[in-house]
Amino acid sequence: MLAEKTFTSDFIDHYTHFEETLGPRTASTFHKKRQEALTTLKDLLFPHIKQEAWKYTNLRALAKESFQLATPSTVSQQPDWLKSPEEANVLVFINGFYKEEWSKVISPKTQLDLLTWEEAEQANYTLLTTHAGKIATTQSDYFNTLNLAYTQQGLVMHVNKNQAVEAPIIIYQIIDTSQPVAVQPRNLVVVGENAQAKLVEIHQTVGPEEGKAFLNEVSEFFVEKNARLSYYKLQHELQPITHINTTQVLQKDHSFFGATTISLEGGLIRNNLNIEIAGEHCESFMTGLSVLSGKTHVDHHTIADHQVPHSYSNELYKGIFDDRSTGVFNGKVFVRPQAQKTNAFQQNRNILLTDTASIYTKPQLEIWADDVKCSHGATTGQLDEDALFYLRTRGIPEERAKALLLTAFAGEVLERIDLAFFKAYCENYIHTRLSN
Amino acid sequence: MLKISNLKANIDDKEILKGIDLEVKAGEVHAIMGPNGSGKSTLASVLAGREEYEVTDGTVTFSGKDLLDLAPEERAGEGIFLAFQYPVEIPGVSTTNFLKTALNEIRKYKGMEPLDAVQFLKMMKEKMKLVEISDTLLKRSLNEGFSGGEKKRNEIFQMAMLTPKLAILDETDSGLDIDALRIVAEGVNKLKTPDNATIVVTHYQRLLEYIVPDYVHVLYNGRIVKSGTKELALELEEKGYDWIKAEVVA
């Protein structure tokens, strides 16, 4: 456990240095939350595979690394893939630092406040006091606590009541692996009553191929009464970095929240997606697709927590695993005693393309109410041989038939994406990848 | 066109085909009948190239080529078509897209230019009438949620689109009501030319009232034990398969 202890103490020991980089921000009210989190961190244990939540994701390699406080990247040329649609708000962060010249905000202030964390903190923006750290717990969660102590940059967004923001808000979180950096972004989003927004988060990397880095991100989303928030996350990190994130969502009455998580490349990825369904007649969708190769490891831990009656949640995660890649799916659905008339559905389906790829899947339903409709299912298998033979007897060569079947398998998730540019990006990439 | 000599095939080390001899010429319709478990479907699968079956002996030549040397897709390119007894449901692949891919792959195999979308749709419209298949069905995922009759009609529709030299219909009549059976059979008859041939695998004689065979073969215990003309099918219908079994034993 020595490496794990050192990992934590490194962050504690370097805290003064981190505070220096914050400058006047140490005087903000939010900074008190950082300092409290640092105190909490001292008592928390680094996650271990003996803990149920980390059984299949071993962080030993991470613990052995030492990372440095993120410094701005020297990358000056805008990467080709950083092409956003014209009608979009774009915020680019590299190593957690805001890249203003590559960013743009087009939606009017009457619709929403869109700030960087730094701006919000300097302005002592109300939400940082009232909402930050409120739902992403630090009590027992090591990485949430570490993130709060080290919150550096990110997005703070408030969509005003009754406003439907048509232009999506796109965040690029880019990691430059030239240095072994630890980057800890934090996002806070409040979608006001009867308001609507689409939020996209794209994770990419630049820098040396074998470069190491550690990304630990926390997002808190508050979806107020009658509000809608669609969230699309793309994980496309070419360098094998360690990427841990928690998205914590709170839904009020008649609200809609949809999360789409597309994982294509990376080193070790852990996604925690937790929805507190605290409102009646809510709709919550969680959709995921992992198309993995090499040694990429992607761990999805999700929670749909039905706390009140009459809400609906629907979860579909699919995975295609090639080479030595591994997947973990742990989907929890809680239906609390008072949450009668809940409809909750969950599915996890996987295709393993090699003998060395693996998936650990654990759907978990905990139902205390008696008048509910819930179902879950998980399947894992190879490509359907009968389907393959059928296609081949119609003249379609084996490789093309395989690509056709895999594309169709992925298609069930992709066709649910209702944001054209995001869908096109994912489809193009996945079609090309599956055809080779 | 097709010449099968002493064909033997195993599945999981169990011998199913025990020496089949059969010759099919262009323009002919052959019916292969037999009791359950006699090897009818195995024969159809082996001809289409299913890899679970291991061919242990014998030869199959098709248009002068060694068929057993070819992958399933190459056999399709050469002009073999198997209408499945149980067509596979493939979610997420629309029938139209699938057929366009298949047709153009076969054309590529034959060294022909691919059809463009307009040509393809025109051809599809013509062939749809043959089996009275609807547009909406073809836009749906391949066979997914299709009724038994719809699946079989879709098989014959694919056959119409791919214009094979040799069509093998594996129990296409099973589970069909009389109207669907008539539609399917009429489709097959309309596709008949002096240059192509059909093998109809069936348990019952009824299909053969609609698709009239030139030859009828009885497969029993992995061998063709009797061959004749369409009258043989009537005799089987009347007497069942027991007398054949008795003859074989004797």
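# Close-up views of a predicted two-chain model

Chain B has 250 residues, and a compact globule of that length would have a radius of gyration near 18 Å; chain B has 18 Å, so the two agree. Keep in mind, as you look through the views, that this is a predicted model.

**View 1. Chain B on its own.** Let's start with the overall build of chain B. Its secondary structure comes to ten helices and twelve strands. Along the principal axes, the C-alpha trace of chain B spans about 60 × 40 × 35 Å. The radius of gyration of chain B, 18 Å, agrees with what a compact globule of 250 residues would have.

**View 2. Where chain B meets chain A.** Here the two chains come face to face: 30 residues of chain B are in contact with 17 residues of chain A. The size of an interface is often given as the accessible area lost when the parts come together. For chain B and chain A, the buried area is about 1,900 Å², and carbon and sulfur atoms give 65% of it.

**View 3. Charged and polar pairs between the chains.** Zoom in on the boundary, and you can look for the five salt bridges counted between chain B and chain A. One of them joins Glu155(B) to Arg394(A), with the closest N and O atoms 2.6 Å apart. Eleven residue pairs in polar contact are also counted between chain B and chain A. Which parts of chain B supply at least two residues each to the side that touches chain A? They are helix 1 (40-48), helix 2 (72-78), strand 6 (80-83), strand 7 (90-94), helix 3 (95-109) and helix 6 (148-162) of chain B. Helix 3 of chain B gives the most, with five residues. Sorted by class, this side of chain B has 19 nonpolar, six polar and five charged residues.

**View 4. Two domains within chain A.** Now turn to chain A, where the domain assignment gives domain 1 (2-279) and domain 2 (385-436). Taken over C-alpha atoms, the centres of these two domains of chain A are 32 Å apart. At their meeting place, 16 residues of domain 1 of chain A are in contact with twelve residues of domain 2 of chain A. The two domains of chain A bury about 1,200 Å² between them, 76% of it on carbon and sulfur atoms. In domain 1, Tyr232(A), Ile262(A) and Leu264(A) lose the most area to domain 2, and together they make up 40% of what that side buries.

**View 5. A closer look at the domain boundary.** How many salt bridges are counted between domain 1 and domain 2 of chain A? The count is one. Look for Arg433(A) and Glu265(A), which form a salt bridge with their closest N and O atoms 3.9 Å apart. Five residue pairs in polar contact are counted between the two domains of chain A as well. On the side of domain 1 that touches domain 2, strand 9 (196-206), strand 11 (228-236) and strand 13 (256-265) of chain A are the elements that give two or more residues. By class, that side of domain 1 of chain A has ten nonpolar, three polar and three charged residues.

**View 6. A salt bridge between distant parts of chain A.** Over all chains, a search of the whole structure finds 33 salt bridges. In this view, the side chains of Glu412(A) and Arg349(A) meet in a salt bridge, at 3.2 Å from N to O. Glu412(A) sits in helix 9 (residues 398-414) of chain A, while Arg349(A) belongs to strand 19 (residues 343-352) of chain A. The pair is 63 residues apart and links distant parts of the chain.

Note on methods
Residues numbered from 1 in each chain as written. Chains lettered and ligands numbered in written order. Predicted model: local features only at pLDDT ≥ 70, side-chain atom pairs only at ≥ 80, totals over all residues. Heavy atoms only, no water. Domains from an automatic or database assignment. Contact = heavy atoms within 4.5 Å. Buried area = accessible area lost by both parts, 1.4 Å probe. Salt bridge = Lys/Arg side-chain N within 4 Å of Asp/Glu carboxyl O. Polar contact = N/O pair within 3.5 Å; in protein donor to acceptor, adjacent residues only side chain to side chain. Helix = DSSP H or I, 4+ residues; strand = E, 2+ residues; numbered from the N terminus. Nonpolar A, V, L, I, M, F, W, Y, C, P; charged D, E, K, R; others polar. Rg over C-alpha atoms; globule rule 2.2 N^0.38 Å.
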